[in-house]
Amino acid sequence: EKEKIMETEIVDNKGKLSEEGFVKGAQLFLILTRLVNGFEWEWKQGILKGSGYLKGIFSCKMKNYDLDENINNKNTEDSYIIDDMNRLFPSTTDGNISNNFKMIQFELNIVYNTAHMVPQLLLHAINENGKYLSHKELWECLEFNLDKPEMTLTLTEFEHPLLFIRYFGLHPCSTSEWMNNLMSVNKINNNNNDLFYGKYLLTWWYFISLHLPLEKKIQPFQQIELENKLNEIISK
């Protein structure tokens, strides 16, 4: 019998996840999302044993959105220039990115929030001029209900728990509540085992990714296929 990914006793409750469960689920999440074309994540090990986070880099085109309205007044000292911009943001045949689109590169970090005992998305977004997007610009990229101004409060600044630098992040205060509902609806039992941890992270990401401007999202049929694949991996 093959060894499990990690051997540890986990105690989870009502949509929450222990840090050990997060680490275990993240290893399975890596395997599963690599089966979906366009999703590339890597595991970043923390200094302390049993800690770490998932990191992914994604680029997308935003239509009819001026991300850099102050480009003529740009202060290069306040900008973060990306090396090899042509590689990250391919130009059109005339050497310029189409005026109808703006290219954005997202750095996504899935970390463990110890206070709320849930995964949390931290992110940076950079436009084609190598400048970090402001809170307002980033919020307008996300696919939430923009008719409700108070929703912008869900995107706030957090310190990365392992890198100790500031990122924008989706506030995790209600994550355990909606995760508990999603797990119940999908009849995913909390058995404190590898199968549960893998399904937890997969379900969490499926919901979160709905609000991100990714060109490729996990579709419902892919969600089912990945869960079936997870069952196969665990049963080996």
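**Fold, pocket and local features of the predicted model**

From the N terminus on, the elements of the chain follow the order α-β-β-α-β-β-α-β-β-α-α-α. The model described here is predicted. In total, the chain has 6 helices and 6 strands. Of its 236 residues, 44% are buried. With this outline in hand, the description can turn to the pocket and then to individual elements.

Rolling a probe the size of a water molecule over the atoms shows where empty space is left. The largest pocket found in this way holds about 310 Å³ of space. Its lining is made up of 19 residues, and those closest to the pocket centre are Glu 19, Ser 51, Gly 52, Pro 161 and Leu 162. Two or more lining residues come from each of helix 1, strand 2 (52-63) and strand 3 (101-113). Helix 1 gives the largest share of the lining, with 3 residues.

Thr 33 counts as buried because its relative accessibility is 0%. A polar atom of the Thr 33 side chain is placed 2.8 Å from the backbone oxygen of Phe 29. Asn 127 is part of strand 4, which covers residues 118-127. With a relative accessibility of 2%, Asn 127 is classed as buried. Its side chain has a polar atom 3.0 Å from the backbone nitrogen of Asn 129.

Readers planning to look at the cysteines may wish to start with the disulfide count: the structure holds 0 disulfides. The sulfur of Cys 60 has its closest cysteine sulfur in Cys 141, but the 6.8 Å between them is too far for a bond. Seen from the other partner, Cys 141 is likewise in no disulfide, and the nearest cysteine sulfur is that of Cys 60, 6.8 Å away. Cys 60 has a relative accessibility of 1% and therefore counts as buried. Cys 141 is also in the buried class, at 2% relative accessibility. Cys 141 belongs to helix 3, which runs over residues 135-141. From Cys 141 to Ala 125 the C-alpha distance is 9.4 Å, with 16 residues of sequence separating the two.

Strand 2 contains Ser 59. Ser 59 has a relative accessible area of 34%, so this residue is partly exposed. Ser 59 and Glu 215 are 156 residues apart along the chain, yet their C-alpha atoms are separated by 8.3 Å.

Helix 4, formed by residues 175-185, shows how burial can be arranged around a helix. Its buried residues include Thr 175, Ser 176, Trp 178, Met 179 and Met 183. Viewed down the axis of helix 4, the buried residues fall within an arc of 165°, so they line one face of the helix. The other side of helix 4 carries the exposed residues Glu 177, Ser 184 and Val 185.

Most residues other than glycine have a negative phi. Met 117 is not a glycine, although its phi is positive, at about 60°. Met 117 sits in the loop between strand 3 and strand 4. Its relative accessible area is 30%, so Met 117 is partly exposed. Phe 164, another residue other than glycine, has a positive phi near 60°. Phe 164 is found in the loop that joins strand 5 (155-159) and strand 6 (166-170). At 53% relative accessibility, Phe 164 counts as exposed.

Conventions: Residues numbered from 1 in each chain as written. Predicted model: local features only at pLDDT ≥ 70, side-chain atom pairs only at ≥ 80, totals over all residues. Heavy atoms only, no water. Buried < 20%, exposed > 50% of the residue type's maximum accessible area, 1.4 Å probe, protein only. Polar contact = N/O pair within 3.5 Å; in protein donor to acceptor, adjacent residues only side chain to side chain. 1 Å grid on protein atoms, 1.4 Å probe; cavity = no way out; pocket = protein on both sides within 12 Å on 5 of 7 lines; lining within 4 Å. Points joined across faces, edges and corners; volume = space filled by probe spheres on them. Helix = DSSP H or I, 4+ residues; strand = E, 2+ residues; numbered from the N terminus. Disulfide = S-S within 2.5 Å. Arc of directions from axis to C-beta.
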